[in-house]
Amino acid sequence: MKQKKKALVLWLALIAVLLAASLLTAPAGTGESVQEVMRDAVLHETGQVSLFGLTEVNPGLISAYVVTALLLVLAVCLRVFAVPRFRQVPGRLQMLLELWVGTFSSMAEKNSPHKNKMLGAYLFGAGSYIFVSTLFEMLGLQAVTVAGHSIALPAPLSDVNGAIAMGVLSYLFILTGGVTSVGLRGVGRTLKEFSLPISMSFRLFGALLSGLLVTELVYYYIALSFVLPVIVGVLFTLLHALIQSYVLTMLVALYYGEVSEPLEPKHPKPAKHAGTQDNKALAA
C-alpha cells in the first residue's frame with residue numbers, strides 16, 4: 001500500500017509540474033497563427049522541398065518515394081531471407097505474413113468469386129501501401145525546405161495529390177477488371193460509378209488530413225503540448241492506418257466484383273409441342 005501511495009504521489013507531482021509548465025511557458029517571439037499553421041499543413045505553400053535540385057515539390061511526394069523504396073527493399077528481403085525458411089509449423093513472422101496476405105486474399109474471394117487472383121494481389125499491394133505510408137509519419141524523418149526550415153515528412157496520402165492518385169489508380173484497376181471479364185460492357189458498368197474515384201480520393205485525404213490537423217492543433221496550443229501529442233499522434237495514426245487500409249480495399253473489392261460479374265446466359269425459348277400445334281389445326 002505504501003508503494004502504491006508513493007507512486008500515486010509521484011504521478012500527481014509530475015502532472016502538477018507539467019500543468020504549471022504549460023501555464024507559465026509562453027511561445028517565444030511571434031509565431032504563426034493557427035490559420036497559417038492549418039493552411040501550411042494542407043497546401044504546403046511555405047514547406048516545399050527541392051527534388052534533387054530540379055524542381056520544388058510538396059514534402060508528400062518525397063514521403064511517397066521513401067515509402068515505395070522501403071516497401072521494395074522489405075519485399076526483397078522477405079523473399080530472399082524469410083520465405084525460403086518457411087516451415088509446415090509457422091513461426092511468428094510466417095504467421096504474421098500469412099495473416100496479412102490471407103486477409104486480402106479472402107476479401108477478394110468473398111467479393112469477387114468469379115475473378116479474384118489479380119484482385120487479391122492489388123488489394124494486398126494497395127492495403128500495404130496505405131498502412132505503411134500512414135505509419136510513416138510516426139518516424140519523424142526530417143527534410144529541409146527551400147526556405148531553409150526543417151520539417152517532418154508527412155504521410156504521402158495526407159497530400160491531396162497522393163490521395164487522388166490512389167483513387168484514380170483504384171478506379172482504373174476496377175475498369176480493367178470489367179473489361180477483361182465482360183468486354184466493352186465492363187466499361188459501361190464502371191462508368192456508371194463515375195464519382196467513385198472522387199469519393200475514394202477525398203475519403204482517404206479527409207481521413208488522414210483530419211488526424212494531421214488534430215495533431216497540429218495539439219502541438220500549436222502550448223497548454224496541450226506536453227505528453228498529450230504522443231498519445232493523440234499514436235492513436236490517430238494507428239486507427240487511420242487500419243481503418244483506411246480496410247475501407248479502400250473493401251470498396252475496390254466490392255466494385256471489382258460487381259463489374260466483373262459474368263453475363264447471365266440467354267435461356268432459349270421453349271419449343272412448341274407438336275400436340276399443341278395439331279390441336280390448333282383441328283380447331284381451325
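In which helix is the place of Leu242? Leu242 lies in helix α9, and the legends below take up this residue and several others in a predicted model.

**Figure 1. Overview of the predicted protein chain and its elements.** The secondary structure comprises ten helices and four strands. Read from the N terminus, the order of elements is α-α-β-β-α-α-α-β-β-α-α-α-α-α. The protein has 284 residues, of which 31% count as buried. Its accessible surface comes to about 18,400 Å², and carbon and sulfur atoms account for 69% of that surface. When contacts between residues at least 6 apart in sequence are considered, 68% of them join residues at least 24 apart.

**Figure 2. The largest nonpolar core of the protein.** This core holds 35 residues. The members that touch the most other members are Leu119, Leu123, Met166, Leu204, Leu248 and Val252. At least two core residues come from each of β1 (49–51), α3 (59–82), α4 (92–111), α5 (117–135), α6, α8 (196–220) and α9 (228–259). Helix α9 gives the most, with seven residues. As a general background, nonpolar side chains in soluble globular proteins tend to be buried together.

**Figure 3. Met166 and its contacts beyond the neighbouring sequence.** Met166 is one of the core residues that touch the most other members. With neighbours within four places in sequence left aside, Met166 is in contact with Tyr122, Tyr129, Ile130, Leu157, Leu204 and Leu248. Two of these partners, Leu204 and Leu248, are likewise named among the core residues that touch the most other members.

**Figure 4. The packing of helix α6 against helix α7.** Helix α6 spans residues 160–182, and helix α7 spans residues 184–191. The two helices pack at an angle of about 145°, and their axes are 6 Å apart. Their crossing is right-handed. On the α6 side, the contact is made by Tyr171, Ile174, Leu175, Gly178, Val179 and Val182. On the α7 side, the contributors are Leu184, Arg185, Gly186, Val187, Arg189, Thr190 and Leu191. Sorted by class, the contact contains eight nonpolar, three polar and two charged residues.

**Figure 5. Phe52 in the loop between β1 and β2.** Strand β2 covers residues 55–57, and Phe52 is found in the loop that lies between β1 and β2. In general, most residues other than glycine have a negative phi. Phe52 counts as exposed, with a relative accessibility of 74%.

**Figure 6. Ile151 in strand β4 and the residues around it.** Strand β4 runs over residues 150–152 and includes Ile151. Ile151 counts as partly exposed because its relative accessibility is 22%, a value between the limits of 20% and 50%. Leaving aside neighbours within four places in sequence, Ile151 is in contact with Gly47, Val49, Pro59, Leu141, Gln142, Ala143 and Thr145.

**Figure 7. Val132 in helix α5.** Is Val132 buried or partly exposed? Val132 counts as partly exposed, at 28% relative accessibility. Neighbours within four places in sequence aside, Val132 is in contact with Val67 and Leu71. Val132 and Pro156 are 24 residues apart in sequence, and the C-alpha to C-alpha distance between them is 10.0 Å.

**Figure 8. Lys110 in helix α4 and Leu242 in helix α9.** Lys110 is exposed because its relative accessible area is 71%, and the limit for this class is over 50%. Lys110 and Ala253 are 143 residues apart in sequence, yet 8.7 Å apart in space from C-alpha to C-alpha. Leu242, the residue of the opening question, counts as exposed at 52% relative accessibility. Along the chain, Leu242 and Leu135 are 107 residues apart, and their C-alpha atoms are separated by 9.8 Å.

Technical notes. Residues numbered from 1 in each chain as written. Predicted model: local features only at pLDDT ≥ 70, side-chain atom pairs only at ≥ 80, totals over all residues. Heavy atoms only, no water. Buried < 20%, exposed > 50% of the residue type's maximum accessible area, 1.4 Å probe, protein only. Contact = heavy atoms within 4.5 Å. Areas by Shrake-Rupley, 256 points an atom, 1.4 Å probe, with all protein chains shown as cover. Axes fitted to C-alpha atoms, helices over the stretch in contact; angles between N-to-C directions. Left-handed = near helix turned anticlockwise from the far one by under 90°. Nonpolar A, V, L, I, M, F, W, Y, C, P; charged D, E, K, R; others polar. Core = buried A, V, L, I, M, F, W, Y, C linked by side-chain atoms within 4.5 Å.
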